[in-house]
Amino acid sequence: MTSKEIRKTFLDFFSGRGHRVVQSASLVPEKDPTLLFVNAGMVPFKNLFLGDEKRDYQRATSCQKCVRAGGKHNDLDNIGKTLRHHTFFEMLGNFSFGDYFKKDAIAYAWEFLTKTLNIDTSRMWITVYQDDNDAAELWRQVGVQGERIVRLGEKDNFWSMGDEGPCGPCSEILYDLGEHVGCRQPDCKVGCDCDRFLEIWNLVFMEFDRSADGQMKKLPRPSIDTGMGLERITSILEGKIGNYDTDLFVPILKRLEDISGRAYGQDGKADIAMRVIADHARGATFIVNDGILPSKEGRGYVLRRIIRRALRYGKKIGIGKEFFYDLTKTVVDLMEDVYPEVRNNHPYIVRVIKGEEERFMETLSTGMKVYEEITEGLVSKGIRTIPGDLVYKLYDTHGFPLDITMEMAEEDGLSVDMEGFKSASQDQKERSRTASKIKGEEWDEGHLTVLREGISSTFTGYTTLKDSGTVERALVGTDLVDEIEEGDEGELFFACTPFYAESGGQTSDEGLVHVVRADHTEGRAKVLEVAKIKDNLFSHRVKVEKGAIRKGDRAELIVDTEKRKGVSRNHTATHLLHYALRKVLGDHVKQSGSSVEQDRLRFDFTHFEGMNDVETAKVEDIVNEKIMACIDINTEEKSREDAIRDGATALFEEKYGEKVRVIRIGDFSMELCGGTHVRNTGEIGSFYITSEGSLASGVRRIEAVTGRSAIAYKRKVEKALKAVARLSNAEVERVGEKVESIVSDLEKRGKEIERLKEEIVSYRVEEALQEAFEKDGTKVVSLFVPNAGAEELRKVTDIIRNKTKSCIAIVGSQAEDKGLIVLAVTKDLQSVYNAGKIVKRISEQYGGKGGGGPQIAQGGVAGRKVKDALKDLDAIFGP
């Protein structure tokens, strides 16, 4: 049975037993600050387990993408060493939200394994929590022999998603791989840490919610969360000892064999390296696919570690070129049937990973320089062991691999303090664990209260800008209230609303809420913004301008038409811009963020160099051509999977439901988009790019205007251009030539001024040399240079030292009440005098701070005392 067949069979089994098949969520958790990545199948359902959210189903099944490579659940160090741990994996699961509990969960699992998959019951063992008599009895009822049911403690059979959240006792189904696997000891049994007994399915009986302080409270509805790793069950059904021999990994390893020239299965150390690389290729592909870029912190740091770890292991098996990006194609070939978006995003994934490979080569070069600086300093002091904290700094700050540090140290006859390295590494893990919460990603307590009450909203604003609805709930702060009074701000919730909630980069609608009651009293509130709490719940932040708005009021909801039109023009323009950028720059371009407002748009996209004027003009021309062509915009709803298979573009910043809205413009643009749009491209009017620049490594940003805003911007530019023409006494058409001429002339004059300044300084240096004073045979040359910066003062010390080969040169300047001194010592005197120590002494004596190296140093002093400091022999030479 192939992995594809197993995946489908599992979902079909539970679908046939009343479970809703739910598409895999993104690897980036929704509003959960406790997790870096989705690390279990239940994460997307967390609010259902907590009772904070209601959906139209009580049973679900899914095949969820997961990553365990950061935070508490971090398998990274085990990857490659074992045959069962992975950074990226797929979790098959079935879930009950207050519907069925232990009895049905156990019965379903046993039926699926023994009857649907026909797994040999004599190879399976069951573990239960030590105090869970109910589970043990239920396993006996489905036919499991008592001696095959093993009770274990909290460490093995009590499951939690993290340090806090839903949790409960669990029951694991294990598969005995045989006496020839694992420790091979005669007393090996369930509970042994070896690889013999493979956990294939974990049934969690979700009964509790653990708070941050460790307190446990009963969940409102006991629920079921189960998880079975697709990779593990595939290995059993394909008759393999480990996951890496299954159809999920073999094609990746074969491609790696072609690249490396090594054969998998021939050498233990090489096999570990190849498993690491194959695993990390899957992890990196899917993390990038879900919109994460390599960076120095958070999820981006995990991605960077995964990529660089794979590259280091590539070096170990003799790969001396960029290779990792090549493996992503094999990953895509294997997974596109289930996750079609990885095929659409593949050009982008390649660019990101290839770019990180290139940066890592630069990192190695930088790391080697830092290593040389560290070791030279140690050797000069007679130290032959590199301290662990410095080794860890090389590893963590500079990304320099530990194994390379150890190899270079061995070549240099040095040792490495590994205990110190481990200690520094552990300290960092502790800091990472305590800082693993993602700031700003959590639910507001007031919104959770509304969610618990089952309130939902239907958006009607695609077809109307005016609707009526009942005030279902009202919030002031985090408190539910019966009314919001005149002059106060709060939040209103309606069962239906024409107001668009901010999402997908599009700003929210504004407008009015108007209430007229039967007793002729009224209330009017200005809608300031609308937020999407969930896909089906909108919060309207309002300020009541007249009367009061009460729970139960029937209200007229009126959207600001002009703002909606401006926003819609700009949103459709981003789709045209996306198309134009891909046409001009290449298919690797993907939208990575946007901001669509009434008067302007901002569009972030993946590209690895700045656009030139020709490219910018081409993009503008393409967008304006499509606007002038007056093309109708068509929308339709379909399943996310069907839309992506049809070629629709999915955007990284968005999390999509099972049903999606597809925006199609002609035959050239098709995107998943829940935003509002014009009916015809001609309504946009015109399009003009106002700026293009770098946002982050591999990400560019364009700002642009459309319609009336484009006209206003053009007029603003023309006004500035005419002003420059007038001031430069040139015709508008020749302003560029005139400005170039003026700039060229200024550059010439600037160089002449610099030359004259250097002549003056040189003359003044000659004077200073003649006035130099000596102490104990050492010449001191001092000079005050008005309005000079640190770099200029350093140049003056160079001139002095070039003119006299043995001296201490001290120069200074003053800017308002701040003084600056720079002191340099010629090489022949550095065994006696240290520039850094002298400057530190002078600075402290004259109210400042300073320091530097033995040859040159600088410091600050009180502004009025600079000239005194330059002449103070006692401060220069010390006691």
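Since the model is predicted, local features need pLDDT of at least 70 and side-chain atom pairs count only at pLDDT 80 or more, while totals for chains, interfaces and linings use all residues. Residues are numbered from 1 along each chain as its sequence is written, and side-chain values use heavy atoms, with hydrogens and water left out.

Let's start with Leu-50, which sits in helix α2 (residues 46-50). Helices here are DSSP runs of H or I with at least four residues, strands are runs of E with at least two, and both are numbered from the N terminus. Leu-50 has a relative accessible area of 18%, so it is buried; the scale runs from buried (under 20%) through partly exposed to exposed (over 50%), using a 1.4 Å probe and protein chains only. What does Leu-50 touch, leaving aside residues up to four places away in sequence? The list is Pro-166, Asp-209, Leu-219 and Pro-220, where a contact means heavy atoms within 4.5 Å. There is also Phe-97, 47 residues apart from Leu-50 along the chain, with 9.4 Å separating the two C-alpha atoms.

On to the charges. Side chains of opposite charge can pair when their charged atoms come close. The rule used for a salt bridge is a side-chain nitrogen of Lys or Arg within 4 Å of a carboxyl oxygen of Asp or Glu, and by that rule the count comes to 57.

Take Asp-99 and Arg-59, whose side chains meet in a salt bridge at 2.4 Å, N to O. Asp-99 is in the loop between β3 (88-96) and α3 (102-116) and Arg-59 is in strand β2 (residues 59-67), so this pair ties together parts that are 40 residues apart in sequence. Asp-99 is partly exposed at 36% relative accessible area, whereas Arg-59 is buried at 17%.

Another salt bridge joins Lys-218 to Glu-207, with 3.2 Å between the closest N and O atoms. Here strand β9 (residues 216-229) holds Lys-218 and strand β8 (residues 197-210) holds Glu-207, so the pair ties together parts eleven residues apart in sequence. Lys-218 is exposed, at 57% relative accessible area, but Glu-207 is buried, at 14%.

What about a pair within one helix? Glu-641 and Arg-645 form a salt bridge, their closest N and O atoms being 2.5 Å apart. They are four residues apart in helix α19 (residues 640-645), which means a separation of about one helical turn. Glu-641 is partly exposed at 27%, and Arg-645 is partly exposed at 41%. Elsewhere, salt bridges link Glu-30, Glu-53, Arg-55 and Lys-534 in a network.

Finally, the surface. Patches are made of residues with over 30% relative accessible area and no salt bridge, joining like charges within 9 Å and nonpolar side chains (Val, Leu, Ile, Met, Phe, Trp, Tyr) within 5 Å. Glu-372, Glu-373, Glu-376, Glu-410, Glu-411 and Asp-412 form a negative patch; Asp and Glu count as negative, Lys and Arg as positive, and His and the chain ends are not counted. A charge is placed at CD of Glu, CG of Asp, NZ of Lys or CZ of Arg. Helices α12 (346-380) and α14 (402-411) each supply at least two residues of this patch, and α12 gives the most, with three. Glu-376 belongs to α12 and is exposed at 57%.

The nonpolar patch consists of Val-724, Val-739 and Val-743, with about 190 Å² of accessible area together; such areas come from the Shrake-Rupley method with a 1.4 Å probe, and for residues only the protein chains shown count as cover. Val-743 lies in helix α21 (residues 735-770) and is partly exposed, at 39% relative accessibility.
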